[in-house]
Amino acid sequence: MSLDVLQPWTVDFIKISIEDWQTKKEKILDLPDWSKDSLWLDDHFTDFAYSYQAAPYTQEFLEILKPDLIPLVHHFAGHFEVLSLWCQRYGKSQYMPAHSHGASGYSAILYADFNEEDHEPTTFIAPFKNFADGNDLSWKPEVSEGDLIVFPSCLLHHAQPNKSDTQRTIFSFNMKML
């Protein structure tokens, strides 16, 4: 008698650690217009209004990260296009509730201001329940500042409340598969 465990479904995540992060960080964090009052909601910043169009700094952002995105280009055989890009900055107690970025394609999160001692990475929720007890399955990737996580856009995910006085800043973008 034999027992075969078959695993027909997997959910792939891609992690890219940006090289020469400190130099690129300075350039990337200079891209958003932090002084624009309408983009500050309570004590967090978002230029998500650009999410359905290209943020004014999209091309410059992609140019800064171009050498680091080459493995992504190879992985997807160049068959993707960045549709939207935005930035979020969270102050103390700020968070992002569970949400997805749509039914198809891939999304990415770049941890731009992220202190591993003060901040938690994004929590991802599996697209199916734990078969033993029916509870949600969740996962937090091990990330450092300057890491980029790519994931299926349809996955629910959220950011825990920032428990620190240190701001947490991420850039996120959505990709359409061609």
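**From one histidine to the whole fold**

Histidine 44 sits in strand β3 (residues 44-46). Helices (H or I, at least four residues) and strands (E, at least two) are DSSP runs, numbered from the N terminus. The model is a predicted one, in which local features need pLDDT of at least 70, side-chain atom pairs count only at pLDDT 80 or more, and totals for chains, interfaces and linings use all residues. Residues are numbered from 1 along each chain as its sequence is written, and side-chain values use heavy atoms, with hydrogens and water left out.

Histidine 44 is buried, its relative accessible area being 14%. Buried means under 20% relative accessible area, exposed over 50%, and partly exposed in between, with a 1.4 Å probe and protein chains only. Contact means heavy atoms within 4.5 Å. Apart from neighbours within four places in sequence, histidine 44 has contacts with Leu39, Gln88, Arg89, Tyr90 and Gln94. With glutamine 94 there is a polar contact between the two side chains, at 2.9 Å. A polar contact is a pair of N or O atoms within 3.5 Å; within protein, one must be able to donate a hydrogen and the other to accept it, and residues adjacent in sequence count only if both atoms are side-chain atoms.

Strand β3 belongs to an open sheet of 7 strands, in the order β1-β9-β6-β11-β4-β3-β2 and with antiparallel pairing. Its edge strands are β1 (14-17) and β2 (40-41), each of which pairs on one side only. Two strands pair if DSSP finds at least two bridges between them. Strands of a sheet pair through backbone hydrogen bonds, either parallel or antiparallel. Within this sheet, β4 (residues 80-90) and β11 (residues 168-177) pair in the antiparallel sense over 10 bridges. Valine 82 is placed opposite methionine 175 in β11. Helix α1 (residues 21-29) lies across β4, β6 (106-113) and β11, and runs at about 100° to β6. Axes are lines fitted to C-alpha atoms, for helices over the stretch in contact, and angles run from 0 to 180 degrees between N-to-C directions.

The next topic is the nonpolar packing. A nonpolar core is a set of buried Ala, Val, Leu, Ile, Met, Phe, Trp, Tyr and Cys residues joined through side-chain atoms within 4.5 Å. The largest such core has 30 residues, and those with the most contacts inside it are Phe61, Leu72, Leu110, Leu148 and Phe171. Two or more residues each come from β1, α1, α2 (58-75), β4, β6, β9 (147-152) and β11. Helix α2 gives the most, with 6 residues. What does leucine 110 touch, leaving aside its neighbours within four places in sequence? Leucine 110 is in contact with Ile18, Trp21, Ile28, Phe61, Leu65, Gly146, Asp147, Leu148, Thr169, Ile170 and Phe171. A second, separate core of 9 residues includes Phe114, Phe124, Phe151 and Ile170.

There is also an open sheet of 4 strands, ordered β5-β10-β7-β8 with antiparallel pairing. At its edges stand β5 (96-99) and β8 (136-139), each with a single partner strand, so one side of each has no neighbour in the sheet. From one strand to the next the twist averages 20°. Strand β5 is joined to β10 (residues 156-159) by 2 bridges, and histidine 99 has histidine 157 as its bridge partner in β10. Between β7 and β10 there are 3 bridges, with threonine 123 opposite histidine 158 in β10. Strand β7 (residues 123-129) is also joined to β8 by 3 bridges, and isoleucine 125 stands opposite serine 138 in β8. Threonine 123 and histidine 44 are 79 residues apart in sequence and 19 Å apart in space, C-alpha to C-alpha.

Aspartate 20, in the loop between β1 and α1, has a positive phi near 50° while being a residue other than glycine. Alanine 77, in the loop between α2 and β4, likewise is not a glycine and has a positive phi of about 50°. Alanine 77 is exposed, with a relative accessible area of 51%. Cysteine 87 counts as buried, at 0% relative accessibility, while cysteine 154 is partly exposed at 41%. Taking a disulfide as a pair of cysteine sulfur atoms within 2.5 Å, the count is 0 disulfides.
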